[in-house]
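Here are my notes on this structure for your first read. Keep the sequence and the 3D view open as you go.

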Amino acid sequence: MAAAEKNEEYVTEGWFRWYTDIVFEWWKAIHNLSDRSALKAFLHTDSLISDECPWHPGKKGIELFMGTIHNGENRLCFSLKQVSYARYWLHTYGLTSTLLPLPSPHYLLTLSDLRGTPSPVTYKTVSELRNALKDVGKHNKRVKTFAGDFELGSLRTEFERVRSVWGERRGVWMALDFEGWERDHTVITEFGWSVVRWDKEEEAVDGEVKLKEVREEGHWTVKEYDSYRNGTYVRDNRDRYDFGKTEKLTKAVFKKRIGDMISGYAAEGPLYLVFHDRYGDIKYLHQLQVPGIGNISSIPKAAPGPGMYCVDTASPNTPTNTQYSHFLQTDMFSALEGDSRQRRGLERACALLKIHGFNHPHNAGNDAHATLRAMASGKPLDSQREERWPNQTQVLFGQQKGVKVEWTERDLDSDDDWAKEIHDLADRSALKAFFNVDALVSNECPLHPGTTGIDLFVATTHSNKSHLCFSLKQVSYIRYWLHAHGLTSSPLPLPSVNYLLTLDDLCNPPSPATYTIATELKRAANQVKKQSKRLNPSICDSSLLGLRTEFERVRTVWNERRGVWMAVDFEGWEWEHALITEFGWSIVRWVIERESNEGDEPGKVGLKEIKEEGHWTVEEYASYRNGRFVKDNRNRYDFGETKALSKAEFKQRIGDMISKYAAEGPLYLVLHDRYGDVKYLQQLEVPGIGNLSPIPKIAPGPGIYWVDTTDMFSALEGDHKERRGLERVCALLKICGFEHPHNAGNDAHFTMAALREMASGKPLDVQREERWPNQTQTFFGQQKGLKGSSNLQPRSET
């Protein structure tokens, strides 16, 4: 008996599964038939929902608990307290002859069986309660669809844990955000904070304590850094705090007040610090030496109390002297979206959650305010996702739904969201009429009076998705034109800045495109949608996306017809690669031939294309011939005469030529598989070659930039792992006459020819389809990918 008592374990908190444990199993342990009937009647769904149910007298609806076990599956449960109360209530009112026994402890779920404290869920109707069981079953099937994505499973668990703790309405929740100077991120210029906590309001008659929600927020800046302004890489909204007045503090006071505020709230009870993408903000908290911040951790399974407590979700060796927990709005949205790899920015998350009024991002106070307006007060994760974006959950295995949202063009681009922000119905109708496709291309459209066709802009974001855009000038003109002609009651507000694309958001400056008829414009919109589908991460990885971005950037800059484009190639001795034996170069540049006349196409008239090329060899290495491993075509230059130079003059002339063109304007060095040629340029100590870089986003100034035709063809072919040689590239591009490869002059000539063929062509996807029709790899039935099929071959005439 003593041994049995020693092994006993007393539990005060636990949960029983509603259907499998309580409805199906509990009554089997009761032998008295009348007692069994009374229990079944109590547990009937109509009884549980009724306002006469003793668990919630006078209120309609039942509160159950949603728990998550370690494999990620959900369980809908009664609490141990509810089950115990039901036993005593049935016996006290004479409905059972004796006090019913508790269900078997084998069915009891404790915190050790769960990923966290179950979150309370209220069901107000019988149909809601019955559907809840179906939802749990669907979720548990979904768990199998992301079993390999352990991070997503953890994020979903964290989401429900945050919901559970938020629903308890205890502790302090503080969203915070820092802004630093864009040219030195260690200089902290702003701090914003937004706090939600609950105070006792009054004592109710039935003993229930009523809680009053208290909100506080603020925005502080550092006085000493008043002149350290952003604006080049990050928007400067320091003076545009929308929820109060900004306080300017000295650096010392700024640091002290942040530390005191966080320490004060942490001492009163659990403090939950809320971030959107925490890494930068936590780094700033460390920099300010906020007490206890070194051991920040995620919310624990058991609800934390005030004072010192253990938070250990990383490893058993994590220090335990912390008073802080944190959660990330970024992680929560990734869980809600169903994609652990997608890290949405705050502006985009707010737009997708339909949180309006976020007009001035990159103000620390506004960012903190928006961060706290999140998802914690909503329904359970899967129900919340379906309510927010109905019928957009990815379907897997036929009819079984997954957990990932399939975004529509409307969600991500929000073309009609401007109209939604206008409350006057007449003004809204006028705006929609203006944007009718037929009205836009009409010669009566005020954006292009007297001419048929509309000028729009094609922009490419860093995810390599294309967008058909209006310029800010066009949108501003539309607002004032509508009001000036009496079509709106007042000038319309600008669309939300959440939808504004700046150069920071784009790979390249947008390229203009003119659409003269409605069908052209509609077709362009459809092509953009198809291109977005092609960029599904399961089809296209980040390396290929980068090459595609580079391809379009080269096309844009080439068609501006400015700067000098120089294809270069070296040949080395096959027995000792450090011995440079040949150098070939091919130049394309433009000079002003005449002044532009009225009616000329902008940027195209008045320029004359100049071509220069050559082939130099080193006299001292005349006897160092290839032929064993590499073809020896040194004496077969097909585009002029070969010049033999001394080693010193060879080096001097290469350096002088490259330096000269680099000084006049941007010099684009065109290389095929650049690594070997760049190594030779460095060996020859060509000035400025150490700063060689790819073409930047904005129009480049004087300097040297590289363009790699290997990368360009990989983007066109749709396979970054395939590195085609120059001969194969020319064959596939239908460039003829390449008879003597491995002559540096010939190689430079055909490298330039390959560049011209790709850069002067149409946009990437259109160009690929025109070159190799019906050879693009197909995914998911009719959806085309980005890659040429495996039988991509040059036509017979090549």
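1. Overall make-up. The protein has 26 helices and 26 strands. Keep in mind that this is a predicted model.

2. Burial and surface. The protein has 798 residues, and 48% of them count as buried. Its accessible surface is about 39800 Å². Carbon and sulfur atoms account for 51% of that surface.

3. Contacts along the chain. Take the contacts between residues at least 6 apart in sequence. Of these, 68% join residues that are at least 24 apart.

4. Find strand β24, residues 703-708. How many of its six residues are buried? The count is six of six, so by the cut-off each has under 20% relative accessible area.

5. Two directions. In a regular strand, side chains alternate between the two faces of the sheet. Now check β24. Gly703, Tyr705 and Val707 point one way. Ile704, Trp706 and Asp708 point the other way. Both sets are buried.

6. First partner. Which way does strand β22 (residues 666-671) run relative to β24? The two strands run parallel, and six bridges join them.

7. Second partner. Strand β23 covers residues 693-694. Two bridges join β23 to β24, and this pair also runs parallel. Here Ser693 has Tyr705 of β24 as its bridge partner.

8. Putting it together. Strand β24 is joined by bridges to β22 and to β23.

Technical notes
Residues numbered from 1 in each chain as written. Predicted model: local features only at pLDDT ≥ 70, side-chain atom pairs only at ≥ 80, totals over all residues. Heavy atoms only, no water. Helix = DSSP H or I, 4+ residues; strand = E, 2+ residues; numbered from the N terminus. Buried < 20%, exposed > 50% of the residue type's maximum accessible area, 1.4 Å probe, protein only. Contact = heavy atoms within 4.5 Å. Areas by Shrake-Rupley, 256 points an atom, 1.4 Å probe, with all protein chains shown as cover. Pairing = 2+ DSSP bridges.
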